[in-house]
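Please keep the sequence and the structure open beside the text while reading.

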Amino acid sequence: MRQLRTYLFFISIIITNHFFGQEEQKVTAQDTLPPAEKYGLRAGIDIAKLIRTAADDKYSGFEIVGDYRVYKKLYIAAEVGNESLLRDEENLSVEGKGNYIRGGIDYNTYDNWYGMQNSIYVGLRYGFSTFDQTLNDYTVFTSSNYFGPNQITEPIESDGLTASWIEFVLGVEVELFHNIYMGASVSLRNIISEEKPEGFDNLYIPGFGRTNDFSNIGVGYSYTISYLIPFFKKKK
């Protein structure tokens, strides 16, 4: 996991350098009229989940991302995907798997140079997940080890659980080539509602991430590659 995080860190550096490198390339000979800006659907995938799936045999995930520009700086955005994670703790082993959707809006805070359509944005999402939890095995706590550990190995399955949350997003989108964008984002999440299995808590909620007993707060990140399908253009 340390190598994976290092790899993703270098990707974010490349994105940032490319983004601010573009800033310095001012157009010396501009047209008399400003260029028309493209409005359309941008769709792609989260490559961070694909990399983690290949690197971590306890995780599997795939996510489709998309946004639609509705105003000069305002976008409707959504993410749809599925995830599974096996958590091996000291006294138990639990696997959570299921599907999720997140939807909301993004606001571009960045003023582009002439002819560019990059963005540094803030966003708000509502997330909803349907998932299953399987308690593979666990150890019953006892005050004495005289009889040895009491380990239960019969799986306990809980199906059709749901959870919802809101999240704040901060991200960047950079046009690497014509209509091809690369992005990176981080998010801060807070659980609104959560169905728990009988007898134990959720340790992982697909789309939200890891959970714990101390807080309803979670974090997430993404690295995306997407393609813009222009529907029409507008002058600035």
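In this predicted model, strand 2 and strand 3 form a hairpin, with 4 residues between them. The two strands pair in the antiparallel sense over 11 bridges, and within this pairing S60 stands opposite S84 in strand 3. Strand 3 also pairs with strand 4, again in the antiparallel sense, over 15 bridges, and here V80 stands opposite I101 in strand 4. In a regular strand the side chains alternate between the two faces of the sheet.

These strands belong to a chain with 2 helices and 11 strands, whose elements run α-β-α-β-β-β-β-β-β-β-β-β-β from the N terminus on. Of the 236 residues in the chain, 40% are buried. Among the contacts with a separation of 6 or more, 67% are made by residues 24 or more positions apart. The chain exposes about 13800 Å², and carbon and sulfur atoms supply 58% of that area.

**Salt bridges**

The structure holds 14 salt bridges, and three of them are listed here with the separation of their nitrogen and oxygen atoms.

| Salt bridge | N to O distance |
|---|---|
| R42 and D67 | 3.0 Å |
| E63 and K49 | 3.5 Å |
| D111 and K73 | 3.1 Å |

The side chains of E63 and K49 meet in a salt bridge at 3.5 Å, taken from N to O. This pair links distant parts of the chain, with E63 in strand 2 and K49 in helix 2 (residues 47-55), 14 residues apart. E63 has a relative accessibility of 2% and therefore counts as buried, and K49, with a relative accessible area of 10%, is buried as well.

In the salt bridge between D111 and K73, the closest N and O atoms are 3.1 Å apart. D111 lies in the loop between strand 4 (92-108) and strand 5 (119-140), while K73 lies in the loop between strand 2 and strand 3 (74-88), so the pair ties together parts that are 38 residues apart in sequence. Are these two partners buried or exposed? D111, at 60% relative accessibility, counts as exposed, whereas K73, at 16%, counts as buried. Beyond the individual pairs, salt bridges that share partners join D46, K49, E63, E79, R102, D106, R125, E167 and R189 into one network.

**Aromatic rings**

A pair of aromatic rings is described by the distance of the centres and the angle of the planes. The count for this structure comes to 4 aromatic pairs. In one of them, the rings of Y39 and F232 have their centres 5.4 Å apart and their planes at 10°; the pair is stacked because planes under 30 degrees apart count as such. Y39 lies in strand 1 (residues 37-46) and F232 in strand 11 (residues 217-234), so this pair ties together parts that are 193 residues apart in sequence. Y39 counts as buried at 5% relative accessibility, whereas F232, at 36%, counts as partly exposed.

Another pair is formed by W165 and F208, whose ring centres are 5.7 Å apart and whose planes stand at 70°, so the pair is edge-to-face. Here too, distant parts of the chain are linked: W165 is in strand 7 (residues 156-177), and F208 is in the loop between strand 9 (204-205) and strand 10 (209-210), 43 residues apart. Both W165 and F208 are buried.

**Charges over rings**

The charged end of R42, the salt-bridge partner of D67, sits over the ring of Y181, at 4.6 Å from the ring centre. Y39, whose ring is stacked with that of F232, also has the charged end of K234 sitting over its ring, 5.0 Å from the centre.

How values were computed
Residues are numbered from 1 along each chain as its sequence is written. This is a predicted model: local features need pLDDT of at least 70, side-chain atom pairs count only at pLDDT 80 or more; totals for chains, interfaces and linings use all residues. Side-chain values use heavy atoms; hydrogens and water are left out. Rings of Phe, Tyr and Trp (its six-membered ring) pair if their centres lie within 6.5 Å; planes under 30 degrees apart count as stacked, over 60 as edge-to-face and the rest as tilted. Buried means under 20% relative accessible area, exposed over 50%, partly exposed in between (1.4 Å probe, protein chains only). A charge sits over a ring if NZ of Lys or CZ of Arg is within 6 Å of the ring centre and within 35 degrees of the ring normal. A salt bridge is a side-chain nitrogen of Lys or Arg within 4 Å of a carboxyl oxygen of Asp or Glu. Contact means heavy atoms within 4.5 Å. Accessible areas come from the Shrake-Rupley method with a 1.4 Å probe; for residues, only the protein chains shown count as cover. Two strands pair if DSSP finds at least two bridges between them.
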